[in-house]
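Open the model in your viewer and keep the selection tool at hand. This tour moves from stop to stop, saying what to select and what is there.

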Amino acid sequence: MAREAGIDLINAEEEVKMLGGKMKQVERDRDLEMGKLFDHLLDKGAETCWSRDEYVEDHQRHQKAVRWYASSLRKADHGKDSKNGIIAADAPRHRHSSDISIDHAFGEVLTRERKRFRRLSEEEHNLILWNIKNTEYALGANIQDLSMKYWDTDEEHAFEGEHVLLKQGYSTIIDHMLAKCATFGDKFQYLLNCPVESIEYSRKSTSHPYRNSQNIVDLSDTCQITVRDKPDTYKFDCVVCALPLGVLKHSVESAEVPISRATASSDGSTPAPDKSLVFHPPLPLAKQDAIRNIGFGLLNKVYLQFPEPFWRKEPSDIEKSSPFLSKGQCLFGNASGYNPHHYMFLDIGRSLGDESNSPAILMTMISGSEAVIAEKALNEDLINDVLSTLRFLFPATHIPPPVATKATQWGSDEFSRGCYTFLPPGATDQDYHILQCPVNGNGEALMLPKSETMRLFFAGEHTSYLHPSMAHGAYLSGVRAASEIFSNLRRNPSNQESASSDRQIPIIMFRTKYPEHPLECNFCHEVGSRKSEGALLAFQRGARQVLAHQNCAIFSPEVGHKKGVWKNVIKSINRGKQIVCSSCNKYGGTIGCTNVGCFRSFHFRCCEKTGWDFDRDGKIFFCDLHRSHRPASNTENTSQGSPNPSFSKRIPIELYSLKNPLSPITCCLCHKGVDQEPKRGPMLGFQRNDRQVLVHENCTRYANVVDKSSVSDKTIFGLMARSRQCFRCGIDGATIRCLFSSGCFRHFHVNCAEESGWNFEEKGVEFVCEHHKVQKDNSIHCNEELLSPMIESIPPKSTFQHDLFCKGAGKVENGNANGTKNRSRPPRIQKASNDEMGYMPPPDITATTDSHNKIDIDSDSSWEDIDELNHSKQSEIHYKAVAEAPFTIDPILSIFSTEKTTEENTNRHFKRIQRSSIDQPWDICFRVDPGPKTTLQVDDQGNRAIASGLQTGDIIVSMNGQKLGSDTLKNISMVVKLMKGTLDLVLEIIRGDPL
């Protein structure tokens, strides 16, 4: 539309130069690291919130929040005794749930992980605060008022592409739309300067047919608009209300408080109340409830024009860590902790202009409660507050007074009373549906059958379920409202309500009629909406109202649901009062087994616990005793009627737990639980014949060892059969194979592939291991020149000992494998990792510093707190070099200095060693000799492998046919991974006395 109107589109700059104050720039790596840590807080907070029961006790509930920031800016509210006039309100009783604010969820995460966050520096704390303010800007609300469950519910519907700015402003879009509408002539009219005082949408009036059309409802001036301070009234067939949510909030709340109760001012007089919009009849209770409880945020902008752009400098004049913006940069952030509400500044002159002629204009944004304070402050005080922030960021730069300033005041504007919506604790994304629903002439219900004609329609960003708080969401809501009008004006006799239909109503109507009744399903008697049973819905027939979960109702045999019309819900509930569930022994089991002669009945959830999947198996239910008697289908049975052994079906985790009470809830591929690997997605259950397994969703999603574009339920056991030992961690179950063109047979788990630098979301399942990725990019695989000085500094005998190698090593505190204790073991060194923002320990490599310079490669043991680690960085590099130093591919020539052939001076042997299980340690110890050529040798300490024919000093040449020094066994770390995942080793050794 902007292109059609000839409006210039400018890509919005998203790269922010972070300033730490006092002429300093924050390091980009640290900024990115704190951004990841903030995302970690959000993820963990959401996990905490969603893991709770839907309903909690009052003392455990935290749902108090500001739901309308501009409410304190109304004339009638001036002088109220509250902090800055902003009042936080609790969620009404019918909205009580386990939802909490982002701020409260952060507090719980910080309490659990206080050791990690206690180590953050002041600069890192300020960067976290900046990310908080950036989140608040997006919704115009503080995090203590944002729902942890639903604050970003629209994220999955976001459009792709760049953010853009309209150079000539949004008003040009409106002018273009009006110009197009003007081409319709007398069919289109618009009136300006007509503030609406009241909307009537159920007037009694005569009707007449519309141009002899039989498909359009009769015309009638059912709706009437009254204009404020004017005698004019306008009559219509339908009305679309696109007023901002703040105006609707003011209308609903003003109707509750009579003008006579307005608070008196300090001089004893009563301030003139704000004039509010009035609906006749009042809006339905459900819509009023949604208007009150959904949040309406506030965001204000402050513009300052200076004589010259002191914040810009030429690239040649900018020093390292300089706060100045170079050519092409438009944004700098305030990460200093000083006045954090001015968290970001936009060089709007450069952003909207060109480089050669860009005015020196800065804009800063203030959101939430700080925006309310800014509106109440004097303009001079607000400008000085912004200038003091700039002078803290640029203390060595002269900042002149601005030549012009301007500040928006959207909260005080009577035609907006705020900016855009947000969801506080107690509100859900379903409130957007209630706000968008049209209302019929009676004004008594929202979700009505199509046989009734709607008269009042709603549009605006607050009515957009997919794109709330967005300009395009507001536009699309207008398109939707226009479509609804045409749909409702067309006659459709087939949509007449039948006698068996049950009307779906908002739960607020049920709660209003039965304030003390628990919000529980009349079928299964479970409270609130649930993941398995679906949303809790309310139904009405005549004067009776009931509650039922969506799935409990849909899958009851007599219930029908088509195009929003429900049939026989209440009839099914009445029947369930006489039927006891065969699983849980509670009334309401309306789903009976279809097998002839079986009288067992179940609730919806109890059916799924028996292994039945309604989405896959259909509504005709068979209990677990008669499931084999059901008719054969093409997908599940062979032509002879016998079960297809390749078929697998989904089962709930509860059924797996019942069938396998002693088995842990772990993935059959990565062998990790849900809590251990939350990034791998939810745990799924599958069954084939009598075999049941569990698997993470992402462990199947990104698998590429099967010849399918996506992994379905039927291939899970095929995945297990094709899985291999992971090249990185040495554990079986790896289903991601390197697809390098030259042929690579390395397999990885999902997290091991991601640790190697692969991003499945961006690159898909065409995985290439890090070795071949380097070859593909023509990069250097190993820089020996950088490693050589570290290797030369390593003592000649560095013993690598691990409980994989020696049975006694697991009990050795700091001595030999025979149990001789030397001295107390110092804490391990934990090196930095890219995973989990640098705070998760790396796999495999830790270090000790005893007299023999032993390095303990123990990824299975617990890690000490990082506060207790006191080794120097030099020691960490020292031992890392030992573990990662490349072996020599041909060690013989360097060890035996003779002109004769090596075969005459050496004895090559193949020795086989074994262990009985993966958990049993190996009976062998190794020593790395980093001489001119790095080798791996059998060590004498704790050596119990004499029975296998090994001797101290034997040099290992290959393991299981893989030569040491090759890409698969390049260093000691890879040796450990190989030995972890196997029970049988064939060692090729060289035996001889080195000169």
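A salt bridge here is a side-chain nitrogen of Lys or Arg within 4 Å of a carboxyl oxygen of Asp or Glu. Keep that cut-off in mind for the first stops. One caution before you start: this is a predicted model.

**Stop 1**

Select Asp347 and Arg312. They form a salt bridge, with the closest N and O atoms 2.7 Å apart. Asp347 sits in strand β15, while Arg312 is in the loop between β13 (299–305) and β14, so the bridge ties together parts that are 35 residues apart in sequence. Are these two buried or exposed? Asp347 has a relative accessible area of 0%, so it is buried. Arg312 is at 14%, so it counts as buried as well. The cut-off for buried is under 20%.

**Stop 2: a pair within one helix**

Now select Lys133 and Glu136. Their side chains meet in a salt bridge of 3.1 Å, N to O. Trace helix α4, residues 122–139. Lys133 and Glu136 are both buried.

**Stop 3: a pair across the chain**

Go to Lys180 and Glu4. What joins them? A salt bridge does, and its closest N and O atoms are 3.2 Å apart. This pair links distant parts of the chain. Lys180 belongs to helix α5, and Glu4 to the segment before β1, 176 residues apart. Lys180 is partly exposed, at 44% relative accessibility. Glu4 is exposed, at 52%.

**Stop 4: a network**

Select Arg95, Asp289 and Asp431 together. A network of salt bridges links these three. Side chains of opposite charge can pair when their charged atoms come close. How many salt bridges does the structure hold? The count is 18.

**Stop 5: a nonpolar patch**

Select Met1, Phe159, Ile174, Met177, Tyr475, Leu476 and Val479. They make a nonpolar surface patch of about 630 Å². Colour helices α5 (171–182) and α12 (471–489): each supplies at least two residues of this patch. Which element gives the largest share? It is α12, with 3 residues. Met1 comes from the segment before β1. At 40% relative accessibility, Met1 counts as partly exposed.

**Stop 6: a negative patch**

Stay on the surface. Select Glu13, Glu14, Glu15 and Glu162. These residues gather in a patch of negative charge. Zoom in on Glu13, in the loop between β1 (9–11) and β2 (17–21). Its relative accessible area is 32%, so Glu13 is partly exposed.

**Stop 7**

Next, switch to the backbone. Most residues other than glycine have a negative phi, and most peptide bonds are trans.

- Select His280 and Pro281. The peptide bond between them is cis, with omega near -10 degrees. Pro281 is in the loop between β11 (278–280) and α7 (285–293).
- Select Asn339. Its phi is positive, about 50 degrees, though Asn339 is not a glycine. Look for it in the loop between β14 (331–334) and β15 (344–347). Asn339 is buried, with a relative accessible area of 15%.
- Select Asn568. Here phi is near 65 degrees, again a positive value in a residue other than glycine. Asn568 lies in the loop between β25 (565–567) and α15 (569–576). At 17% relative accessibility, Asn568 counts as buried.

**Stop 8: a buried histidine**

Select His747, in strand β32 (residues 747–748). Its relative accessibility is 9%, so His747 counts as buried. What surrounds it? Leaving aside neighbours within four places in sequence, His747 is in contact with Val705, Arg724, Gln725, Cys726, Phe727, Ala734, Ile736 and Arg737. Show those side chains together.

**Last stop: the whole chain**

Zoom out and clear the selection. The chain has 28 helices and 40 strands. Of its 995 residues, 47% are buried. Among contacts with a separation of 6 or more, 68% are between residues 24 or more positions apart. The chain exposes about 50400 Å², and carbon and sulfur atoms supply 49% of that.

How values were computed. Residues numbered from 1 in each chain as written. Predicted model: local features only at pLDDT ≥ 70, side-chain atom pairs only at ≥ 80, totals over all residues. Heavy atoms only, no water. Patch = residues over 30% accessible without salt bridge, like charges linked within 9 Å, V, L, I, M, F, W, Y side chains within 5 Å. Areas by Shrake-Rupley, 256 points an atom, 1.4 Å probe, with all protein chains shown as cover. Lys, Arg positive; Asp, Glu negative; His and termini not counted. Charge placed at Lys NZ, Arg CZ, Asp CG, Glu CD. Helix = DSSP H or I, 4+ residues; strand = E, 2+ residues; numbered from the N terminus. Buried < 20%, exposed > 50% of the residue type's maximum accessible area, 1.4 Å probe, protein only. Contact = heavy atoms within 4.5 Å.
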